[in-house]
Amino acid sequence: MSISQTLEVPGYQVVQYLGNGARSTIWQIRDNQSNERFVLKRVVKRTMADMRFIDQAVNEFEVASRLDHDNIRRVISIRKVKHWLAVREVHLIMEFCEGATIQDDPPRDILQVAEIFCQVASAMAYMNSRGFVHADMKPNNVVVAPSGLAKVIDLGQSCPLGTTKQRIQGTPDFIAPEQVHRGPLDARTDVFNFGATLYWALTGKPIVTALPKKGMLMVDMIVQQPQELNPLVPIPFSKLVMDCIEIRPSRRPSSMNEVASRLALVAHSLRKARKENSH
């Protein structure tokens with residue numbers, strides 16, 4: 001029996017298995033009436049400890065249903081599968097996004113990095129304007145289509161501005177200090193996560209965060225500027241990244257709008273330089 005036959009979704013044809021995450025599997029499905037493709041995230045609760053993954057899926061739907069932006073993946077609907085009145089699994093039906101994550105297919109040059117992250121910055125500024133923090137920006141949460149269109153995905157850890165979480169949530173290489181120390185999260189948390197992701201895209205290396213890996217030496221705690229690791233990175237671009245990953249939130253850009261504006265200037269300069277060099 002093929003893996004595509006192991007899941008049935010009313011009203012849809014299961015096309016193929018795409019991958020898996022924490023207690024979840026990802027599938028491509030097709031609407032039986034419109035023939036449109038979607039992605040289904042199936043989250044299964046096997047033990048009581050798995051309830052947090054169910055909660056994250058529900059949270060993703062609740063946040064996404066309040067958003068409407070071209071660079072944020074739409075979540076169409078949610079289906080809860082119950083057994084003896086208890087939720088056993090959750091199905092999220094989401095927009096199908098062409099392309100690959102920047103984790104799997106990193107940008108090829110500095111201008112491409114700038115153009116992708118201009119779109120990401122716009123999406124995150126919009127989320128913040130709607131009252132939410134994404135709280136888990138990382139290379140695996142940005143999908144880029146062959147056309148160049150970028151989509152921010154995975155809103156499972158998103159929360160209202162000002163939220164103080166009960167436990168540490170985030171990805172070690174991109175997590176902000178206030179997430180590790182369980183302080184209130186705001187737009188500057190997204191600024192840090194964004195900056196750490198941008199650093200990785202420009203250098204191929206992660207920064208050291210307040211959640212260091214085991215065996216990390218103190219000498220490794222110093223973050224080199226992006227242009228030191230990649231001489232092709234212009235100084236204003238490098239400075240923007242370093243400003244975003246300041247330890248103290250008060251020293252970072254105050255909003256994703258500010259980040260987006262500075263990044264747009266960088267992208268403009270890069271396009272201008274490329275045009276001049278082509279003549």
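**Helix packing and cysteines**

Modeller: The buried residues of α6 pack against α2, α4 (187-203), α5 (226-229) and α7. The model is predicted: local features need pLDDT of at least 70, side-chain atom pairs count only at pLDDT 80 or more, and totals for chains, interfaces and linings use all residues. Residues are numbered from 1 along each chain as its sequence is written, and side-chain values use heavy atoms, with hydrogens and water left out.

Colleague: Which residues of helix α6 are buried?

Modeller: Helices are DSSP runs of H or I with at least four residues, numbered from the N terminus. Buried means under 20% relative accessible area with a 1.4 Å probe, protein chains only. In helix α6 (residues 235-244), the buried residues are Phe237, Ser238, Leu240, Val241, Asp243 and Cys244.

Colleague: Are α6 and α7 roughly parallel or roughly antiparallel?

Modeller: Axes are lines fitted to C-alpha atoms over the stretch in contact, and angles run from 0 to 180 degrees between N-to-C directions. For α6 and α7 the angle is about 160 degrees, with the axes 10 Å apart. Angles over 145 degrees count as roughly antiparallel. The pair α6 and α7 is therefore roughly antiparallel.

Colleague: Which residues of α7 make the contact with α6?

Modeller: Contact means heavy atoms within 4.5 Å. On the α6 side it involves Pro236, Phe237, Lys239, Leu240, Asp243 and Cys244. On the α7 side the residues are Val259, Arg262, Leu263, Val266 and Leu270.

Colleague: How many nonpolar residues are in the contact of α6 with α7?

Modeller: Ala, Val, Leu, Ile, Met, Phe, Trp, Tyr, Cys and Pro count as nonpolar, Asp, Glu, Lys and Arg as charged, and the others, Gly among them, as polar. The contact of α6 with α7 has 3 charged residues and no polar ones. The nonpolar count is 8.

Colleague: How far apart are the axes of α2 and α7?

Modeller: Helix α2 (residues 110-129) and helix α7 (residues 256-278) pack at an angle of about 160 degrees, which makes α2 roughly antiparallel to α7. Their axes are separated by 9 Å.

Colleague: How many disulfides does a search of the whole structure find?

Modeller: A disulfide is a pair of cysteine sulfur atoms within 2.5 Å. The sulfur of cysteine 97 is 19 Å from the closest cysteine sulfur, in cysteine 118, too far for a bond. The sulfur of cysteine 159 is also too far for a bond, being 19 Å from the closest cysteine sulfur, in cysteine 244. The number of disulfides found in the whole structure is 0.

Note on methods
Helices (H or I, at least four residues) and strands (E, at least two) are DSSP runs, numbered from the N terminus. Angles under 35 degrees count as roughly parallel, over 145 as roughly antiparallel, 65 to 115 as roughly perpendicular and the rest as oblique. Buried means under 20% relative accessible area, exposed over 50%, partly exposed in between (1.4 Å probe, protein chains only).
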